[in-house]
Every structure is written in C-alpha cells, then in structure tokens.
Amino acid sequence: MTTASESQSSLRPPEPPGIMTWVRKNLFNSWFNGILTIVSLVLIFFIVSGLIRWIFTQADWEPVLKFPLNYMVGQYPRDQLWRIGLILVMYSLLLGMSWRKWSGILGVLGLTYAGFLLFMAFWPAPVPTLTFWIRAALAANLGVIAVGYLLGGSRWISPRILLIAWFFSLLLSLILLYGTPLLDVLRIVPTNLWGGLLVTLILAIGSIVLSFPIGVALALGRRSSLPMIRVICTVYIEAIRGVPLISILFMSSLILPLFLPTEMRIDRLIRALLGMTLFSAAYSAENVRGGLAAVPYGQTEAAKALGHSNFQITALIVMPQALRAVIPPIVGQFISLFKDTTLASGVAVLELLLVGRSMLQSDPAYIRLQMEVFGFIAVVFWILSYMMSHASRRIETELGVGER
Amino acid sequence: MRLISLILRPNFAPEKSTTNAIQFQSQVPFWRDERVLRIAAQVISAIVVIGLLYWGIINVINAAEQRGLSLGFGFLQESAGFPIGESDLPYDPSRSFLYAFLVGVLNTLKVAIVGVFFATILGTFGVIARLSSNWLVSRIALVYIEFHRNIPLLVLLLIWFNVFITGLPSVEQSIVLPGPIYLNQRGLQLTWPRLTPHGTPFVITVILAIVLAILAWVYLRRIQERTGRSTYFAFISLGILILLPIIGFLLSSGEPLRADVPVLSGFNFIGGYDLSPEFAALLVGLVTYTAAFIAEVVRAGIQAVDRGQLEAARSVGLSYSQLLSLVIIPQALRVIIPPLISQYLNLTKNSSLAIFIGYPGIFFIGKTTINQAGRAVQVIVLIMAVYLSISLLTSLILNIYNRRIQLVER
C-alpha cells in the first residue's frame with residue numbers, strides 16, 4: 001500500500017510555473033540571451049518614452065484635431081452629412097445581424113467599427129462642424145449594432161438574405177452618396193467634393209468588387225484549352241503584374257481620355273477606380289488560379305463521368321470549391337489594395353493621404369507639422385489593416401483552409 | 001453556350017478522342033463540330049481584342065490630331081532642358097530626352113539594387129530575431145513586422161523623407177560615422193574608393209579572380225559530386241579570390257585605389273560620393289518596408305521544413321552549422337525563393353514611389369518630360385516598357401536559379 005501512496009505523490013502534477021520560472025526560461029536562459037534582454041529593455045524604454053514625450057508634449061496636433069470631418073469625408077457638403085450617417089447606420093445594422101448569424105470574427109470587426117465611430121463621437125477637440133447631434137448619431141451606432149444583433153436571431157433573416165443585403169448595401173450607399181436626379185432630397189453631390197477615408201474606402205472596395213469577376217474570367221481563360229484565349233489572358237496578367245500601380249494610374253488618368261472618343265468624359269475618381277480595377281484584376285486572377293489549382297482533378301473527372309457539361313463542371317463543381325480556398329488571399333489582396341489607394345493621390349484623387357497633404361498646405365503654420373499629420377494617417381491605416389488581417393487569419397482557421 | 005463550354009475546358013483536360021469526331025463527321029453539322037468551334041472561338045476572341053485595340057488607337061490618333069500632338073518618338077532626340085538633381089552619368093540640360101531618360105533608369109536601378117541588397121540583410125536579421133528563443137527579442141521583431149505590413153509604403157516614405165529633411169543637423173554640424181561618412185540635411189557624403197591612374201591592372205585581376213573563382217567552384221564541385229573525392233573547391237576558389245588581386249595590387253605599384261574623402265568647404269562638402277536626402281529616404285523606406293515582408297517569407301520557409309528532418313539530422317550527429325547549411329537551408333530555400341523573387345520585384349516596382357519625394361528615377365524624369373514636352377502617351381509607354389523589361393528579366397534570371405534549386409528535390 002505504501003507503494004501506492006508513493007506513486008500518487010510522484011504522479012502529482014508539477015507546480016504551475018511561476019512568473020520567475022517563465023522569465024528565466026524565456027528571457028535569461030543563457031548569458032547571451034540575458035544581455036539581449038537587457039539591451040532590448042533599454043531600447044524599448046528609450047523608444048517608448050521618446051514617443052510618449054513627443055506625442056504629449058512636443059507634437060502640435062492642431063492640423064489633425066481641427067478637421068476630423070475633412071479626413072473622413074473631404075469636402076462633402078456639411079448639410080448632407082445625414083446621408084453618410086444613414087450609410088453608417090445601415091452597415092451597423094448589417095454587421096450586427098451578420099455577427100449573430102455567422103461567426104465571432106464579425107463581432108470583432110463590428111466592435112472595431114463601433115469603436116472607430118465612438119472615437120469620432122468623442123473627438124478630443126471642439127470642432128464647430130462636428131455638432132452635438134452628429135456626435136450623438138455616431139455614438140448611437142453602438143446601439144444599432146446591438147439592435148442588429150438581436151434582429152439577427154430572428155429566423156426571417158437567413159444567411160442568403162443577409163448576403164443579398166450586403167450586396168445591395170453597396171449599391172444603396174453609392175446612390176445615397178451620389179444622389180439621384182429623381183429625388184429632391186437626394187440632390188447630386190459631385191465626386192470632386194468627396195474625399196478622405198470615404199474615397200479611400202470607395203477605391204479599395206470598388207476595385208476589389210469590380211476586379212473579382214474579371215479576375216475569375218482571366219483565371220479561367222488562362223487555363224483554357226484554346227491557345228489564343230490562353231495567350232491573351234496570360235499576356236494581360238503578366239503585363240499588369242510587371243508594372244507598378246502608379247504607372248497604371250497615370251495611364252488611366254492621362255491616356256485613357258485619349259483612348260476614348262472625345263465626347264466621352266470620365267470623372268477623375270472613376271478613372272482612378274478603373275485603373276485600380278484593371279490592376280487588381282490581374283492579381284485576383286492569380287489568386288483564383290491558385291484556388292482552381294487546389295481543387296483535385298478527380299472532381300472534374302467525377303463530374304464528367306456523371307455527364308455534366310464543361311460549363312456545369314466549372315460553375316457548379318470546381319468554382320465553389322476553388323472560391324472557398326481563395327477567400328484568405330483575396331482578403332490579403334484587399335488589404336494591400338487598401339494601402340495602395342494612397343498612390344491615387346499622385347493623380348489628384350482626394351483620398352486620405354492627399355487630404356492630409358492639403359491640410360498641411362492650408363496654413364503656413366502647418367508646414368512643419370508633417371510628422372503629426374502623416375503619423376495620424378499611418379495610425380488610421382494601421383488600425384484598419386491590422387483588423388482586416390486579423391479577421392482574415394480567423395477566417396482562415398474557421399474555414400479550415402490548408403488543414404486537409 | 002457551347003463556345004463558353006469550350007473556353008472553360010481546362011488546358012490539362014484530356015482531349016476528346018479525335019477518332020470520334022472523324023467517325024461522325026458526316027452526321028455532325030459544322031456549327032456543332034468541335035474542331036470548327038474551337039477555331040471559331042479563338043478567331044472571335046482575337047477579333048474582339050484586336051478590334052478593341054484598333055478602336056482605342058484610332059481614338060488616340062484622332063485625339064492627337066485634334067489637339068495637335070505628335071505621336072512619334074522623334075522628340076527623344078531633342079534637348080531635354082531640365083536639370084536632374086543627381087546622376088551617375090555626366091548630365092546637363094542640353095542633353096537629349098533619351099539621355100535624361102537613361103539617367104532616370106540608372107537612378108531607379110541604383111536604388112533597386114542597393115535596396116534589394118540591404119533589404120535581404122535586414123530581413124535576415126529580422127528572421128533571426130523573430131525565431132529567437134528570447135521572448136522579448138521575438139516580440140520586438142513581431143512588432144517591427146506588423147508595423148510595416150499594415151502601413152502604406154507611401155506614408156512611411158513621406159515620414160522618412162521628413163525625418164531626413166528636418167530631423168538631421170545642418171551641414172556644419174554633420175553627424176560623423178566611421179568611414180568617414182557625413183550625415184546631414186543634404187544627405188549622406190560617403191568616402192568612396194576611386195581608381196588611381198595606374199589602377200587598371202588591379203581592376204583586371206579582380207574581375208579575372210571573380211570569374212576564375214566561380215569557374216573553379218562549379219567545375220571542382222562537379223568533380224567532387226561525381227567521384228566523391230574531396231577536391232577542396234571552397235579553399236581553391238577562395239585562394240584564387242585572394243591571391244590574384246594581391247598580384248594586381250603589386251602590379252599597380254601598390255596604390256590601385258585612393259580614398260576620396262568628403263571635405264567640408266564653405267557650406268558644402270566636396271569630394272566623396274554624395275547621396276541626396278531623397279535617395280537616402282527612399283532607400284531607407286524601401287529597405288525597412290521590404291525587410292519586414294522578407295522576414296515573413298523566410299520565416300514561413302524555415303518553419304515549413306519538417307521537424308523530423310531536424311531531429312533526424314541531430315540524431316546522426318550533425319553539428320549545428322552542418323544542420324543549418326546541409327539540412328534546413330537547402331530545404332527552406334525551395335519554399336523561400338519564389339515569394340522572395342516577388343518581394344524583390346515588389347521593391348523594384350515600389351521604387352516608382354520616388355516620384356512622391358522627388359528622387360529622379362524613371363517616373364520623375366517621365367513626368368518632367370510630360371510637363372515639358374507633352375507626349376504623355378509615348379512617355380508612359382516608355383516607362384511601362386522599362387518596368388516590364390526589368391520585371392521580366394529579373395523574374396527570368398531568378399526563375400532559372402529557382403528551377404536549379406527545385407531540381408534537387410527527390
């Protein structure tokens with residue numbers, strides 16, 4: 001019996017490692033690592049303290065703090081801001097419902113979105129254009145997300161309806177933004193008044209949505225059995241991938257007007273969007289092609305054995321499987337497109353960076369405050385793209401891509 | 001419908017046996033005959049593409065006529081008339097547009113090549129830090145990588161440019177780095193080796209030594225691999241690489257190169273190799289940004305090596321350096337090289353952002369040309385052609401290298 005009690009004592013789990021054990025194991029496991037740790041600590045201390053000192057005592061945030069609306073929507077008429085508010089509410093509702101219907105990652109996205117709007121609502125400086133009502137409306141979006149979350153539980157809202165709603169929300173927001181000649185309430189707001197983060201998002205979302213179908217077509221064309229079509233698609237993809245985006249933007253803004261008959265005038269924003277779409281299509285095509293390659297050929301053979309046509313095989317069997325594998329790289333592509341929208345400032349499209357640069361020139365006193373403005377823009381981009389890449393990693397694990 | 005179906009058939013799908021078609025040729029009407037349809041699909045697509053191009057070109061010609069623009073490339077011979085901030089070739093505004101363009105191409109290539117070199121080094125350091133057993137160092141590397149991956153390069157470049165313009169001391173109070181290298185508002189002034197008049201034999205022997213060393217390496221290594229006899233290829237080519245230049249050094253009377261030291265005179269430095277703040281900002285921005293991506297690519301490659309390989313190598317008693325050089329790196333390289341190629345190409349393409357900070361690369365020269373001479377169409381075609389050939393050439397060379405590495409796979 002003594003042996004039993006002995007073995008019991010030896011079977012007892014070891015003491016949970018204390019904080020000192022962890023430190024010794026991860027930071028000071030050899031003399032070299034010890035030195036590295038100390039050097040890193042000193043480095044971190046200097047960087048962080050320098051940064052904090054700069055942010056709170058040396059930097060002058062006036063060109064950022066005074067014009068929050070310019071950074072968000074540019075010169076969009078201030079009496080028409082309710083239209084943008086409506087769009088925000090719509091997306092809050094959709095995000096809330098999707099959060100309930102699908103997975104937790106949409107919740108993280110929704111909360112980030114709400115957090116962003118809350119930050120705007122409690123913007124830490126008095127701005128005359130940012131009235132109390134606008135601030136209240138921004139803050140109310142948190143409530144709207146909650147309402148959406150509750151509504152999402154109802155069985156009337158199926159995933160299919162939600163997907164359709166997401167698709168139509170894009171069209172609806174465009175109509176709300178631009179206006180329509182049919183309704184007096186929605187008077188037309190020309191695109192040269194749009195600006196800031198609004199334009200950045202329009203460029204990024206617009207080009208990824210528009211380029212995706214072109215990308216699918218190019219990817220299918222590139223693996224076609226017909227040499228002519230294969231050559232055309234391959235040449236397009238490789239040529240676009242071989243040149244920098246800025247050259248395509250220049251082409252679309254300088255040469256495209258020449259390519260079209262003189263009576264066709266295209267808006268500057270549309271031209272930039274077109275350039276980004278043509279650019280992004282080549283990258284979409286390569287992503288889709290990767291997805292197509294991931295579908296085992298046995299699937300096609302099985303479908304053929306069942307007597308399906310090539311069209312049916314592609315549309316109903318290969319594509320759905322390929323697209324599932326394509327979601328993570330497409331999100332990655334979207335993030336890089338989102339960052340690349342800054343290049344559109346080179347062709348005078350008033351996106352976030354160009355708004356920042358024009359703020360700097362709006363007052364001679366601001367010219368030396370470049371660090372503050374660019375730093376603010378960098379932070380905005382960082383938060384948004386970090387959230388998206390975080391979401392994409394979660395989607396990847398939830399879809400189980402690469403775990404077969 | 002059948003046309004679409006045909007287009008959608010993947011390339012590697014087995015062909016329908018042609019005997020079938022021949023057998024039933026008489027029964028099948030030509031609009032359902034697959035061979036006719038295949039040709040028809042291709043002819044139609046070719047006509048559509050050519051038609052679109054033709055339509056566009058006609059429009060360009062019409063627009064050019066209306067606005068009195070010329071579409072020829074003759075203007076390239078005319079004198080450019082604008083100054084260029086920095087050039088490795090002798091340049092003045094009376095030179096032709098073509099020559100100015102060449103200067104721009106060289107400037108772009110300069111920043112791209114130097115950038116690839118340093119980005120690789122910094123990226124390697126990034127990986128070492130990221131995979132370090134020290135938690136803190138690994139976290140710092142992670143923060144560095146995530147910082148750069150989520151901010152647009154253009155914003156980072158503008159911040160760096162601002163640092164180089166306003167954050168550095170004036171010329172009189174330059175920061176002196178060993179070399180000496182002077183760092184100030186006007187950029188970097190490096191001490192630079194320059195050839196003396198009797199330095200030619202030295203240059204010849206150095207080039208000869210590099211060529212011979214590579215040949216010896218390749219040839220002797222092949223013998224070693226075939227016969228299994230050790231040929232000491234590494235030592236021999238290293239010996240060539242050291243001995244020949246020494247001979248050249250003695251031949252050129254012991255003084256083949258002299259150090260061209262930048263000297264402060266008045267408000268400027270004279271001599272040395274001068275790098276503008278634009279170049280410095282562009283280089284630092286490109287290098288730090290690309291290094292973050294390279295670090296991720298290399299990390300993925302190293303972690304893709306099967307753990308069993310590492311354990312097996314340990315159990316047969318390989319030393320740590322053997323483990324790295326014979327087991328991990330050769331296998332990781334296969335995974336690393338393709339994405340690494342695309343990172344290098346990205347760096348080259350991203351160097352076009354030089355235009356935003358005024359570094360005279362291809363784009364800057366191109367845009368100045370458009371402002372001076374009009375001719376947007378020709379200039380943009382030229383710019384795209386240059387980038388496309390750089391990209392295709394680089395990917396061609398690196399793909400050949402990649403294929404050689406992949407061949408090792410068993």
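Biologist: What span would a straight helix of 31 residues have, and what does α15 of chain A show instead?

Modeller: At 1.5 Å a residue, such a straight helix would span 45 Å, whereas α15 of chain A, residues 310–340, spans only 37 Å between its end C-alpha atoms.

Biologist: At what angle do α11 and α13 of chain A pack, and how far apart are their axes?

Modeller: Helix α11 (residues 227–242) and helix α13 (residues 268–294) of chain A pack at an angle of about 115 degrees, and their axes lie 9 Å apart.

Biologist: Which residues of α11(A) and α13(A) meet, and what makes each of them count as a contact?

Modeller: From α11(A) come Y236(A), I237(A), I240(A) and R241(A), and they meet L278(A), F279(A), A282(A), A285(A) and E286(A) of α13(A); such pairs count because their C-beta atoms lie within 7 Å. By class, the residues of this contact are 7 nonpolar, no polar and 2 charged.

Biologist: How many residues does each chain bring to the contact between chain A and chain B?

Modeller: Chain B gives 51 residues and chain A gives 52. On the side of chain B that touches chain A, the largest share, 11 residues, comes from α3(B), and this side has 34 nonpolar, 13 polar and 4 charged residues. For the complex, the predictor gives an ipTM of 0.88 and a pTM of 0.85.

Biologist: How confident is the predictor about chain B, and over which residues is the pLDDT below 50?

Modeller: The mean pLDDT of chain B is 82, and 93% of its residues reach 70 or more. Over residues 15–25 of chain B, however, the pLDDT is below 50, and this stretch has 3 contacts beyond near neighbours in sequence. Where pLDDT is low, predicted coordinates should not be read in detail.

Terms used:
Residues are numbered from 1 along each chain as its sequence is written. Chains are lettered from A and ligands numbered from 1 in the order in which they are written. This is a predicted model: local features need pLDDT of at least 70, side-chain atom pairs count only at pLDDT 80 or more; totals for chains, interfaces and linings use all residues. Two residues are in contact if their C-beta atoms, placed from the backbone, lie within 7 Å. Helices (H or I, at least four residues) and strands (E, at least two) are DSSP runs, numbered from the N terminus. Ala, Val, Leu, Ile, Met, Phe, Trp, Tyr, Cys and Pro count as nonpolar, Asp, Glu, Lys and Arg as charged, and the others, Gly among them, as polar. pLDDT is the predictor's confidence in each residue, from 0 to 100. Axes are lines fitted to C-alpha atoms, for helices over the stretch in contact, and angles run from 0 to 180 degrees between N-to-C directions. The expected span of a helix is 1.5 Å times one less than its number of residues.
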